[in-house]
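Please consult the sequence and the model shown below while reading.

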Amino acid sequence: MAQIAGKRFIGLLLVLVLIGCYTGYELLLKPTLNGSTLIDNPTGRDITVTIDQQPHMVPAQSFLRITLAEGMHSISCEALGLQPQELNLELTSYGVINPSKSKYVIYNTIYTKKNLSSRYKPYAVEGREVYSLLGEPEVTNALFIPDRTLGRGNLDVAAPSVKSYQQVNQDYAYLTRIFRLHDFFEYCNQHNL
């Protein structure tokens with residue numbers, strides 16, 4: 001009997017911890033997240049993207065900030081030949097909506113005062129050799145590219161010049177960022193990657 005009561009107590013305690021974590025996220029963390037949802041247009045012409053029957057005009061070589069909730073939406077873009085389809089913003093609504101199906105790179109930028117060049121490894125990105133400390137850069141042309149930083153690594157945020165070190169690793173700090181493919185290669189040229 002005591003063993004059953006102990007299991008029930010542990011189960012109840014686990015439920016209370018989960019409720020506490022969810023409440024803490026909703027009340028404390030969620031209001032501080034300041035990411036953005038962008039419809040990006042890296043093409044040379046203006047486009048109109050329709051999301052949930054609402055048209056959004058996006059100028060050439062630009063992006064438009066919009067507000068969308070997490071979950072399923074409908075999207076189309078006649079100018080780019082994007083037929084009506086589902087747009088799933090799962091886990092986060094922050095990121096880049098890519099109606100042109102252009103290529104983007106997700107890359108971990110490193111901030112350090114130490115010389116870690118010997119620890120970088122070469123990777124092939126679209127036929128070009130680039131170097132990375134934290135794994136292979138990810139090339140994607142997905143319809144939605146989530147901003148994994150919830151606001152610090154999207155296209156509309158300039159890269160910080162100095163980043164404080166993480167507590168876990170005293171050698172460097174990093175920030176996962178989304179780049180248009182062309183902008184990524186420019187970033188590599190500027191930083192000798």
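## The second largest pocket

On a 1 Å grid over the protein atoms alone, a pocket is an open set of points where a 1.4 Å probe fits, with protein on both sides within 12 Å along at least five of seven lines, and lining residues are those with an atom within 4 Å of a point. The second largest pocket is lined by 13 residues, and those nearest its centre are Leu-155, Arg-177, Phe-179, Arg-180 and Asp-183. Strand β13 and helix α2 (181-190) are the elements that give two or more residues to this lining.

The volume of the second largest pocket is about 210 Å³, where volume is the space filled by probe spheres set on the grid points, which are joined across faces, edges and corners. Its lining comprises six nonpolar, two polar and five charged residues. Here Ala, Val, Leu, Ile, Met, Phe, Trp, Tyr, Cys and Pro count as nonpolar, Asp, Glu, Lys and Arg as charged, and the others, Gly among them, as polar.

## Basis of the model and overall features

The model is predicted: local features need pLDDT of at least 70, side-chain atom pairs count only at pLDDT 80 or more, and totals for chains, interfaces and linings use all residues. Residues are numbered from 1 along each chain as its sequence is written, and side-chain values use heavy atoms, with hydrogens and water left out.

The chain contains two helices and 13 strands, taken as DSSP runs numbered from the N terminus (helices H or I, at least four residues; strands E, at least two). Of the 193 residues in the chain, 38% are buried; buried means under 20% relative accessible area, exposed over 50%, and partly exposed in between (1.4 Å probe, protein chains only). Contact means heavy atoms within 4.5 Å. Among contacts between residues at least 6 apart in sequence, 63% join residues at least 24 apart.

## Salt bridges

The whole structure holds four salt bridges, each a side-chain nitrogen of Lys or Arg within 4 Å of a carboxyl oxygen of Asp or Glu. One of them joins Arg-65 and Asp-156 at 3.1 Å, N to O. This pair links distant parts of the chain, 91 residues apart: Arg-65 belongs to strand β4 (residues 62-66), and Asp-156 to the loop between β12 (144-146) and β13 (173-180). Arg-65 is exposed, at 53% relative accessible area.

Glu-126 and Lys-103 form another salt bridge, at 2.7 Å, N to O. Glu-126 lies in the loop between β9 (121-125) and β10 (128-132), and Lys-103 in the loop between β7 (95-97) and β8 (104-111), 23 residues apart. Glu-126 is partly exposed at 41%, and Lys-103 is partly exposed at 39%. In a further salt bridge, the closest N and O atoms of Glu-138 and Arg-148 are 2.9 Å apart. Glu-138 is in strand β11 (residues 138-140) and Arg-148 in the loop between β12 and β13, so this pair ties together parts ten residues apart in sequence.

Glu-70 is located in the loop between β4 and β5 (71-77) and is partly exposed, at 46% relative accessible area. Beyond its neighbours within four places in sequence, Glu-70 contacts Leu-89, Leu-91, Thr-92 and Ser-93.

Asp-171 is located in the loop between β12 and β13 and is partly exposed, at 21%. Its C-alpha atom is separated by 9.3 Å from that of Asn-115, 56 residues apart along the chain.
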